[in-house]
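Biologist: Before we go through the fold together, could you put the model on the screen?

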Amino acid sequence: MDDVTCVVLNYNYGRFLLECLRSIENQSYNDLSILLIDDNSTDESLGVIDLWLETTDIKARVIRKPSNCGVAHSYNIARNLVTSKFITFVDSDDRLLPDKTQRQVDAFTDAKNVVAVYSDVLRFG
């Protein structure tokens, strides 16, 4: 079992998705997997996902929902599937800094009674 599952929720963010997934692949913390849930996208997202799956070495699972049910439904799917020690939610238009996951795992393991860890946002573009 992986220590961390990065849950990526996507709906029509194909233009950002590959960069998001690559930023997860490039984490300094490598005991992680990706659960990508696509909410029945109608843009280029499915093609981006297929291309990424052909080239990635990271453990990944993709759920392609047959109809658009919204973000809350996707969160519930993730909650029911994830078995890792830690879970992080990554929006499909996000990019993670390379040490984000390591720093968050360290925050959990170095402190007692920590139940949640968050990070600041850097805007780009």
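Modeller: A residue counts as buried under 20% relative accessible area and as exposed over 50%. Please keep in mind that this is a predicted model.

Biologist: Which residues are exposed on the other side of helix 4, away from its buried residues?

Modeller: The buried residues of helix 4, which spans residues 100–110, are Lys100, Thr101, Gln104 and Val105. Seen down the helix axis, these fall within an arc of 125°, so they line one face of helix 4. That buried set packs against strand 1, strand 2 and strand 4. On the other side of the helix, the exposed residues are Arg103 and Asp110.

Biologist: In what order do the 4 strands of the open sheet stand?

Modeller: Strand 1 (residues 4–10) and strand 2 run parallel and are joined by 7 bridges, with Thr5 opposite Ser33 and Asn10 opposite Asp38. Strand 2 is also parallel to strand 3 (residues 59–64), to which 6 bridges join it, and here Ile34 stands opposite Ala60. The pairing in the open sheet is parallel, and the order of its strands is 3-2-1-4.

Biologist: Which strands stand at the edges of that sheet, each with a single partner strand?

Modeller: The strand order is 3-2-1-4. An edge strand here has a single partner, so one side of it is left without a neighbour in the sheet, and this applies to strand 3 and strand 4.

Biologist: How many residues of strand 2 are buried?

Modeller: In a regular strand the side chains alternate between the two faces of the sheet. Strand 2 is largely enclosed by the rest of the structure, because the buried residues number 7 of the 7.

Biologist: What is the handedness of the β-α-β unit made by strand 2, helix 2 and strand 3?

Modeller: The chain passes from strand 1 through helix 1 (residues 14–25) to strand 2 in a β-α-β crossover that is right-handed. For the unit that strand 2 makes with helix 2 (residues 45–55) and strand 3, the handedness is likewise right-handed.

Key. Residues numbered from 1 in each chain as written. Predicted model: local features only at pLDDT ≥ 70, side-chain atom pairs only at ≥ 80, totals over all residues. Heavy atoms only, no water. Buried < 20%, exposed > 50% of the residue type's maximum accessible area, 1.4 Å probe, protein only. Helix = DSSP H or I, 4+ residues; strand = E, 2+ residues; numbered from the N terminus. Pairing = 2+ DSSP bridges. Right-handed = clockwise from strand over helix to strand, strands pointing away. Arc of directions from axis to C-beta. Contact = heavy atoms within 4.5 Å.
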